[in-house]
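These notebook entries record what I looked up in the structure shown below. I proceed from the whole chain to single residues.

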Amino acid sequence: MKQIYVIGIGAGDPGQLTLQAVEALGRTEVFFLLDKGEEKADLAGLRELILRRHATGPHRVVTARDPDRDRAAPSAAYAPAVDDWRRRRADVYERLIAEELPDGGHGAFLVWGDPALYDSTLGILGEVHARGTEDFAWSVVPGVSSVSSLAAKHRVGLNQVGRPVQITTGRRLADQGLPDGVDDVVVMLDARQAFGAFTGQGLHIYWGAYLGTPDEILLAGPLDDALAGRIRAVRAEARARKGWIMDTYLLRRTDEG
Ligand SMILES: C[S@@+](CC[C@H](N)C(=O)[O-])C[C@H]1O[C@@H](n2cnc3c(N)ncnc32)[C@H](O)[C@@H]1O
């Protein structure tokens with residue numbers, strides 16, 4: 001039987017790799033890398049470093065092109081376009097497992113942060129497994145997510161005592177506002193800087209970019225126009241300098257406002 005690992009590699013700091021991840025990396029004979037066509041050299045560099053240090057057994061790296069999504073599809077065609085994209089991705093993963101991994105071998109997909117958070121690898125592998133065309137066992141090695149990293153760097157918890165916390169995207173926050181009954185919202189994938197619409201509402205923001213990397217930037221404080229403007233300016237400068245940015249933030253409503 002083939003064994004597939006989905007390994008969370010942390011969100012930027014090679015020191016975030018767990019001992020469980022190190023063991024799985026050492027056992028892996030074939031690493032599957034999905035090229036999304038937009039990968040940043042820094043991120044690829046971190047993965048190479050991890051493999052150099054921890055892929056201690058005889059192994060090879062197989063790269064495949066991750067199919068592009070048709071983002072230009074009109075809204076009526078949106079759902080079919082996403083279904084088609086998922087199917088094409090599952091086809092690629094299925095082929096990799098069928099053709100590149102010998103029976104009894106260990107293969108691995110490396111996932112940024114924690115595979116359980118805003119990543120499609122688990123969904124796609126589940127789909128391939130359900131097809132039943134390839135016989136393989138698969139397991140997940142959790143990783144340190146950018147959300148854990150953000151909380152640690154700001155030395156705050158994600159929730160207040162006995163209260164819920166919600167993790168969402170910048171797009172949903174911009175479209176739907178702050179969810180009812182939730183005092184803490186973690187926002188990811190926010191190209192629009194949705195926090196700008198929530199100034200002067202008694203919120204506190206804990207913002208972090210390039211967490212865990214040498215370029216890490218942290219800003220925090222009551223979310224007023226001045227701080228929102230400062231985050232926007234710092235973000236724009238860093239993005240222009242490096243050519244890419246990944247940032248995450250926690251919006252917190254407190255009794256003090
Ligand atoms: C596709 S999601 C992947 C999340 C990942 N699975 C995790 O556990 O962090 C990408 C988003 O994660 C956040 N992110 C990932 N790495 C980050 C980092 N090093 N610093 C800040 N935000 C990060 C950003 O919000 C980015 O838009």
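**Entry 1: Domains**

I began with the division of the chain, which falls into domain 1 (2-141) and domain 2 (146-253). The model I am reading is a predicted one. I looked up the spacing of the two parts and found 27 Å between the centres of domain 1 and domain 2, taken over C-alpha atoms. To the contact between them, domain 1 contributes 10 residues and domain 2 contributes 10 residues. On the side of domain 1 that touches domain 2, I noted three nonpolar, four polar and three charged residues.

**Entry 2: The whole chain**

I then turned to the secondary structure and found seven helices and 10 strands in the chain. The chain is as compact as a globular protein of its length, because its radius of gyration of 20 Å is close to the 18 Å that the globule rule gives for 257 residues. Along the principal axes, the C-alpha atoms fill a box of roughly 60 × 45 × 40 Å. I recorded 30% of the 257 residues as buried. Among contacts in the chain with a separation of 6 or more, 72% are between residues 24 or more positions apart.

**Entry 3: The core**

Which residues have the most contacts inside the largest nonpolar core? I found I7, A108, V187, I205, Y249 and L251, in a core of 52 residues. Strand β8 gives the most to this core, namely five residues. Both domains take part, since I noted at least three core residues from each of domain 1 (2-141) and domain 2 (146-253).

I followed A108 further. Leaving aside neighbours within four places in sequence, A108 is in contact with Y5, I7, A24, T28, F31 and F32.

**Entry 4: H106**

I next looked up H106, which has its place in strand β4 (residues 106-111). Is H106 buried, exposed or partly exposed? H106 counts as partly exposed, because it has 18 C-beta neighbours inside 10 Å, whereas a buried residue needs 20 or more. Not counting residues up to four places away in sequence, H106 touches Q3, Y5, R27, T28 and E29. Y5 and T28 are listed as contacts of H106 and also of A108. I also noted L25: its C-alpha atom is separated by 9.6 Å from that of H106, although the two residues are 81 residues apart along the chain.

**Entry 5: Helix α5**

In helix α5 (residues 146-154), I found S146, V147, S149, L150 and A151 to be buried. What covers the buried residues of α5? The cover includes β6 (165-169), β7 (184-188), β8 and β10. After α5 comes R155, for which I noted a positive phi, near 55°.

**Entry 6: Around the ligand**

I closed with the ligand. Of the 20 residues around the ligand, those that come nearest are G113, S145, S146, M188 and L211. One of these, S146, is also among the buried residues of α5. By class, I recorded 10 nonpolar, seven polar and three charged residues in the shell. Which strands each supply at least two residues of the shell? I found β8 (203-209) and β10 (247-253); both strands are also part of what covers the buried residues of α5. The shell draws at least three residues from each of domain 1 (2-141) and domain 2 (146-253).

Conventions:
Residues are numbered from 1 along each chain as its sequence is written. This is a predicted model: local features need pLDDT of at least 70, side-chain atom pairs count only at pLDDT 80 or more; totals for chains, interfaces and linings use all residues. A residue is near a molecule or strand if its C-beta atom, placed from the backbone, lies within 6 Å of it. Helices (H or I, at least four residues) and strands (E, at least two) are DSSP runs, numbered from the N terminus. Ala, Val, Leu, Ile, Met, Phe, Trp, Tyr, Cys and Pro count as nonpolar, Asp, Glu, Lys and Arg as charged, and the others, Gly among them, as polar. Domain bounds come from an automatic or database domain assignment. A residue is buried if 20 or more other C-beta atoms lie within 10 Å of its own, exposed if 12 or fewer, and partly exposed in between; C-beta atoms are placed from the backbone. Two residues are in contact if their C-beta atoms, placed from the backbone, lie within 7 Å. The radius of gyration is taken over C-alpha atoms; the globule rule is 2.2 Å times the number of residues to the power 0.38. A nonpolar core is a set of buried Ala, Val, Leu, Ile, Met, Phe, Trp, Tyr and Cys residues joined through C-beta atoms within 7 Å.
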